[in-house]
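Hi there,

Here is the structure I promised to pass on. Have a look at it first, and my notes on what turned up follow below.

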Amino acid sequence: MVEPIPPRRRALEHLLNRLGFKDPAWLEQLRWDLLDQALIHPSLDGQRNNDRLEFLGDSVLRILATEFLFQSYPHLSVGELTAVRSDLISDAHLAELADLHGLERYLEVGSSSQNDLAGRERRLADAFEAVLGSLYLSWGMHTLARLHPWLDPYFRQRVEQWFQDPTRRNPKAALQELTQRLWGTLPEYRLVAAREHPPHFTMEVWGHGQCWGRGEGRSKKAAEMAAAAQAYGHLQSQEIR
């Protein structure tokens, strides 16, 4: 008699199908317990959660993005490669990819975080990286070759957008140019929150006594960039009206 497949396992199989991983040999090698853990937020379980897998997945993602950029854009300088990579691995981009693949429906979150809209982007980005970490532990040396065909098209689309949009290339410079043109002033960045392990920063950008934007990132610079991008969009919409 064939044992029924548990609902959680069936849900994870559905997720992998959405991600495009359908090869029976690949699924046979998968450690389902790790994929399950990758989708458990610390607010639900303080012991068995995706913190460590997210840490590993962050490194996997960096290698994937670095290899893609190195092979695809030989004309870019090291500085440009670094800037583009920062955008590829940003929380904003990872959350977009997570949304695209419906990752949130598989993510188990504690009641304290379910209504935390401000932390949603970070939760999705962490879960996305944790999934990559679980796949790496399952597939080992074959992981990068299997993930590149899936992620490279998204990387390429994001890079094209980056080159076309000055706010993506350097949102702080774009915001500074806008505020100087409108009022002859410079924006002010304020540190709101900081955490060392794992590193996470929240910055706000202010002007004329108002908070124009708020951003989060794994460095102060990344958080400032995110805040500047939000502020730029807000001020541009105000200017248009």
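Which residue's side chain meets that of Arg218 in a salt bridge? The partner is Glu129, at 2.7 Å from N to O. A salt bridge here is a side-chain nitrogen of Lys or Arg within 4 Å of a carboxyl oxygen of Asp or Glu.

A word on the ground rules. This is a predicted model, in which local features need pLDDT of at least 70 and side-chain atom pairs count only at pLDDT 80 or more, while totals for chains, interfaces and linings use all residues. Residues are numbered from 1 along each chain as its sequence is written, and side-chain values use heavy atoms, with hydrogens and water left out.

**The two domains**

The chain splits into domain 1 (5–162) and domain 2 (169–238), with bounds from an automatic or database domain assignment. Their C-alpha centres are 26 Å apart. Nine residues of domain 1 are in contact with seven of domain 2, where contact means heavy atoms within 4.5 Å. About 680 Å² is buried between the two domains, and carbon and sulfur atoms give 32% of that; buried area is the accessible area (1.4 Å probe) that two parts lose on being put together, summed over both. On the domain 1 side, Asp91, Arg122 and Trp162 lose the most area to domain 2, together 70% of what that side buries.

Five salt bridges are counted between domain 1 and domain 2. α8 gives the most to the side of domain 1 that touches domain 2, with four residues. Helices (H or I, at least four residues) are DSSP runs, numbered from the N terminus.

**Salt bridges elsewhere**

The whole structure holds 21 salt bridges. One of them pairs Asp87 with Arg158 at 2.8 Å, N to O. Asp87 sits in helix α5 (residues 78–88) and Arg158 in helix α9 (residues 143–164), so this pair ties together parts that are 71 residues apart in sequence. Both Asp87 and Arg158 are buried, meaning under 20% relative accessible area, with exposed over 50% and partly exposed in between (1.4 Å probe, protein chains only).

Asp91 and Arg122 also meet in a salt bridge, at 3.9 Å from N to O. That pair links helix α6 (residues 91–100) to helix α8 (residues 120–139), 31 residues apart. Asp91 is buried, at 7% relative accessible area, and Arg122 is buried too, at 8%.

For a contrast in setting, take the salt bridge of Arg190 and Glu188 (3.2 Å, N to O): Arg190 is partly exposed at 34%, and Glu188 is partly exposed at 41%.

Enjoy exploring!

Key:
Helix = DSSP H or I, 4+ residues; strand = E, 2+ residues; numbered from the N terminus.
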